[in-house]
Structures are given as structure tokens and as C-alpha cells.
Amino acid sequence: MQYKEPLLNIRGLAVGYGQSLVLSDVALEVPEGQVVCLMGRNGVGKTTLLKAIMGLLNPRAGQVRFAENDLTKWAPHRRAKAGFGYVPQGRHIFPYLTVNENLLMGLEAFPGKKGRPEAVDRMYTLFPALKLNPKKTAGTLSGGQQQQLALARALIRQPRLLLLDEPTEGIQPSIVQEIEELLQRLRDQQDTTILLVEQFLDFALGIADYCYVMEKGAIVLEGTARDLDYNLVREYVAV
Ligand SMILES: Nc1ncnc2c1ncn2[C@@H]1O[C@H](COP(=O)(O)OP(=O)(O)OP(=O)(O)O)[C@@H](O)[C@H]1O
């Protein structure tokens with residue numbers, strides 16, 4: 001059978017800040033249509049890896065391949081156009097803009113995109129809580145609603161690969177469950193491929209097809225969510 005390259009294919013990635021090297025020789029694959037989760041304690045390098053994948057940090061070695069193209073030297077906006085959607089840690093919504101304006105900002109870099117009202121309506125169908133408050137200033141929403149808005153702003157462009165940095169951080173359990181259901185629906189119905197950074201173990205194992213565990217800038221454990229040793233993963237993730 002012919003080898004099919006995973007949608008996202010990271011090889012030998014080394015990334016650092018100034019003198020310090022944070023990631024070394026990281027290899028990670030995200031097959032099309034799957035949810036892959038990256039876990040690990042605070043400070044092991046998960047956000048650094050997502051930023052390097054998004055093109056916000058330049059790697060010192062290694063390759064980022066997407067849909068069989070080498071994107072390693074591509075700028076972030078070019079990766080976004082190629083189909084990357086990124087929801088950073090801390091959400092980074094525009095607090096002084098309304099919910100509706102935040103959603104439209106998701107399309108801003110894509111002036112040629114037609115069907116804006118349809119795109120916005122699609123997001124309101126996915127996130128009914130946002131539909132209740134389209135004119136509300138985003139900064140006054142609850143943490144859970146802000147997270148939903150950040151997700152919607154990334155999803156409005158229908159990215160082929162969604163990069164999510166700790167979507168459950170600081171969010172109440174009922175909204176965590178809503179986000180879990182949404183990610184499952186995205187994977188199952190819309191065929192969105194997801195790379196999720198997450199420290200909330202039950203959430204991660206509940207949604208992921210495949211998991212990587214990171215320690216001190218290197219992948220130390222990987223496997224399907226079903227086969228991974230729960231207690232061992234917990235040891236790596238527990239503070
Ligand atoms: N802008 C920066 N300049 C210098 N060092 C940084 C910078 N950002 C992160 N680091 C360092 O890189 C290492 C990895 O940080 P990173 O944020 O990638 O970890 P993380 O696993 O995502 O942790 P967290 O869950 O706390 O976000 C840490 O030691 C951190 O202090």
C-alpha cells in the first residue's frame with residue numbers, strides 16, 4: 001500500500017528563545033480527520049511547539065510539513081491561508097469589540113471570502129450561547145463564553161487543521177463538557193483535524209485519538225488514547 005503522509009508532519013524540530021533551547025528533536029504526526037493531544041506539565045514546551053507549528057517562532061532545526069508541503073519557512077499568515085486555525089492560550093479575543101465584530105475579525109485576513117453572513121450564522125448555530133449576545137462587548141463575557149468566541153473566530157474560516165492551546169483552562173465544568181462535545185462533532189461531522197494541547201487528562205483522553213506526552217522539551221510517551229497507561233500519563237502531567 002502507498003504511504004500516505006499525515007496531514008501535519010513534524011520532524012526533528014528544535015526551537016528556543018535566545019540562548020536557551022526549549023524543544024529538541026521533536027517528532028509528531030497528526031493524521032487527517034483525527035484529534036491528537038499533546039500533554040505535559042507547565043513549562044515543558046507545549047505552547048512553544050504550537051507557536052513553531054503556526055510560524056510564530058522559527059525553528060533552529062527540523063521540518064514542519066502540512067498536506068505534503070514543507071512549510072518550515074512560511075510566515076504565519078501564509079500558514080493561516082493554507083488552512084491552519086489557531087486558538088492561543090488565554091484566548092486573545094478583542095475585548096472592546098462585540099461578539100459579532102470578533103467573529104468578523106476571523107475573516108478579516110481573507111477579504112475574498114464570500115458569504116460572510118452565512119459564515120457568521122454557521123458559528124451561531126455551533127455556539128448558541130454566542131447567538132444570545134451578538135452585540136455584547138466580548139470582554140464582558142464569561143470565561144467559558146470567551147473561549148467559545150475564540151474557537152468560533154478560528155472556525156469561521158473552516159480551517160483544515162485546528163491548533164488549540166489549553167481550551168479548558170479556567171473554565172467551569174459544564175462549559176468544558178460543551179467544548180468536548182463540540183470538538184467531537186467537528187471531528188465526526190466536519191472532518192476537522194485537531195491538535196490539542198491539554199493538561200486536563202480526562203478531557204484529553206476522552207476526545208483524543210492519539211496522544212503525545214512531553215517532558216523538558218522532548219516527547220517521552222505516545223500512543224492511542226485507549227492503549228496509554230493512564231497512571232503513567234498522570235505522573236507526567238500531575239504537578
Ligand atoms: N518568550 C519567551 N522567552 C524566553 N523563554 C520562554 C518564552 N516563552 C516561554 N519560555 C520558556 O520556554 C519554556 C517552555 O514554555 P512553554 O510556554 O512552551 O511551556 P508549556 O508547556 O506550554 O507550559 P504552560 O502550560 O505553562 O503554557 C519554559 O521554560 C518557558 O519559561
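Q: What covers the buried residues of α3?
A: The cover includes α4 (116-126), α5 (128-131) and α6. Helices here are DSSP runs of H or I with at least four residues, strands are E runs of at least two, and both are numbered from the N terminus. This is a predicted model, where local features need pLDDT of at least 70, side-chain atom pairs count only at pLDDT 80 or more, and totals for chains, interfaces and linings use all residues. Residues are numbered from 1 along each chain as its sequence is written.

Q: And which residues of α3 are buried?
A: They are Val99, Asn102, Leu103 and Gly106. A residue is buried if 20 or more other C-beta atoms lie within 10 Å of its own, exposed if 12 or fewer, and partly exposed in between, with C-beta atoms placed from the backbone.

Q: At what angle do α3 and α6 pack?
A: α3 (residues 99-108) and α6 (residues 143-155) pack at about 35 degrees, and their axes are 7 Å apart. Axes are lines fitted to C-alpha atoms, for helices over the stretch in contact, and angles run from 0 to 180 degrees between N-to-C directions.

Q: Which residues meet there?
A: From α3, Val99, Asn102, Leu103, Met105 and Gly106 meet Leu149, Ala152, Arg153 and Ala154 of α6. Contact is taken as C-beta atoms, placed from the backbone, within 7 Å.

Q: New topic. How many residues has the largest nonpolar core?
A: That core has 59 residues, and those with the most contacts inside it are Cys37, Ala152, Leu161, Leu163, Leu195 and Leu196. A nonpolar core is a set of buried Ala, Val, Leu, Ile, Met, Phe, Trp, Tyr and Cys residues joined through C-beta atoms within 7 Å. α6 gives the most to this core, with six residues.

Q: What is Leu196 in contact with?
A: Leaving aside neighbours within four places in sequence, Leu196 is in contact with Val35, Cys37, Leu164, Ala204 and Ala208.

Q: Last one: is Asn69 buried or exposed?
A: Asn69 counts as exposed because it has 10 C-beta neighbours inside 10 Å. Asn69 is found in strand β5 (residues 69-70).

Definitions and conventions. Two residues are in contact if their C-beta atoms, placed from the backbone, lie within 7 Å.
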